[in-house]
Amino acid sequence: MTPIFALENACYRYPDGRLGLAETTLEVRERESLVVLGANASGKSTLLGLLGGLIFPTGGRVSAFGAELTEAALEDGEFARSFRQRVAVLLQDTDAMLFNSTVYDEIAFGPLQLDLPGDEVRRRVEDMLDLLGLRAVADQPPHRLSGGEQRKVALGAILAVSPQVLLLDEPTSGLDPRFQRWFVELVIELRRAGKALVTATHDLHIADVIADRVVVLDEQHRIAAEGRPHDILTDLDLLLSVNLVHEHAHVHDGQLHIHPHTHLHEHEHAG
Ligand SMILES: Nc1ncnc2c1ncn2[C@@H]1O[C@H](COP(=O)(O)OP(=O)(O)O)[C@@H](O)[C@H]1O
Ligand SMILES: [Mg+2]
C-alpha cells in the first residue's frame, strides 16, 4: 500500500543556513498514529512543515499519496485542493491560525473554502461546537479565549474540513492536565474514525498513550531511533542522549519515572 507520506533522504536548511532537519528517510502509513519525540530545536516543527507542504526539502524528496510534494505541485489547483483537504496542520503557534472575528466563523472558514452547501457548513460547525464544548463561546472573538479554548478552536477549524491526516505540532504544550486528558480522548475518537496522525511533542506520557510508533529526533536533527512506544520509552540511555529526560529518571516495573531536579534533596533524605 502506498504510504501517506514518504521522506527519502529529505533534509531542510533554513534560508539563513541553519539546519532544520538532517537527511531523513521515513514513512507515515495509513491510519497510524506516529509520534515525533524530540527536545526543543531537534527539528519536530521542521519535519511537520515538510509533511504539511508548508516548506519544501532543500535536499532529497518528500512525497504524499504517491506524488512528490513540491512547490510547483502545490501551485497546481487540483492537487493543492485535494492535498489541503486531506492533510491538516495544527501549528505550534495556535495564535497564527486564528484570524476570524468569532469562533463560529473560524470553524466555518475551512468548509466554506470547500464550496460546501450552506446547511452542510452549518452542520459541520454545529458538530464541532458540540464535540469541542465551545457552544457557549461561539460568538466570541477567538483571541479573547483561554489558551486551551484557542487550541480547541484551532482543532475545530481543521477537523471541520474532515481531513484524512492530522499533523499536530505540540498540541498539549502549556495546557493543563484536564486539556491533556481531553486531547487523549479526542485522539482515540479520531483513530476510531480511521484518521492518520503525526503528533510532535516532547511529552513522553502523551507519546506513551497515543502512539502506535515513535520516531525520536536528536539534537543534530537526525532520527536517533524509531520503534514501538514501549521500547522507545523504556530506553533510558536513548532518552538521556537526546535530552528528553535527565539523569534522575529511571525505569521501574517497565514504566518510566521522572523526578524533577528540584526534589533531589528530598530524595536524599527519604533514601
Ligand atoms: N525560521 C527559522 N530560521 C532559521 N532556523 C530555524 C528556523 N526555525 C527553526 N530553525 C532551527 O531549526 C532547528 C529545528 O527547529 P524546529 O524544527 O523548530 O525544532 P522543534 O520543533 O523540535 O523545537 C533548530 O536549530 C532551530 O533553531
Ligand atoms: Mg517545534
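1. What order do the strands of the open sheet have, and is the pairing parallel or antiparallel? The order is β2-β1-β4-β5, four strands with antiparallel pairing. Strands here are DSSP runs of E, at least two residues; helices are runs of H or I, at least four residues; both are numbered from the N terminus. Two strands pair if DSSP finds at least two bridges between them. β2 and β5 (67-68) stand at the edges with a single partner strand each, so one side of each has no neighbour in the sheet.

2. A word on the basis. This is a predicted model, in which local features need pLDDT of at least 70, side-chain atom pairs count only at pLDDT 80 or more, and totals for chains, interfaces and linings use all residues. Residues are numbered from 1 along each chain as its sequence is written, chains are lettered from A and ligands numbered from 1 in the order in which they are written, and side-chain values use heavy atoms, with hydrogens and water left out.

3. The β1-β2 pair. Six bridges join β1 (residues 5-13) to β2, and the two run antiparallel. Tyr12 has Leu21 in β2 as its bridge partner. The hairpin has five residues between the strands, and Gly17 there takes a positive phi near 100°.

4. The other pairs. β1 and β4 are antiparallel over five bridges. Leu7 is partnered by Val62 in β4. β4 (residues 59-64) is joined to β5 by two bridges, again antiparallel. Ala64 stands opposite Ala67 in β5.

5. The shell around ligand 1. There are 14 residues around the ligand, and Ala41, Gly43, Lys44, Ser45 and Thr46 come nearest. Near means a heavy atom within 4 Å. β2 (19-28) and α1 (44-51) each supply at least two shell residues. α1 gives the largest share, three residues. The shell has four nonpolar, seven polar and three charged residues. Here Ala, Val, Leu, Ile, Met, Phe, Trp, Tyr, Cys and Pro count as nonpolar, Asp, Glu, Lys and Arg as charged, and the others, Gly among them, as polar.

6. A side-chain N or O atom of Thr46 is 2.6 Å from a ligand oxygen. A polar backbone atom of Ala41 is 2.7 Å from a ligand oxygen. For a backbone N or O atom of Ser45, the distance to a ligand oxygen is 2.9 Å. Taken alone, ligand 1 exposes 560 Å², of which the protein buries 72% (Shrake-Rupley method, 1.4 Å probe).

Definitions and conventions:
A polar contact is a pair of N or O atoms within 3.5 Å; within protein, one must be able to donate a hydrogen and the other to accept it, and residues adjacent in sequence count only if both atoms are side-chain atoms.
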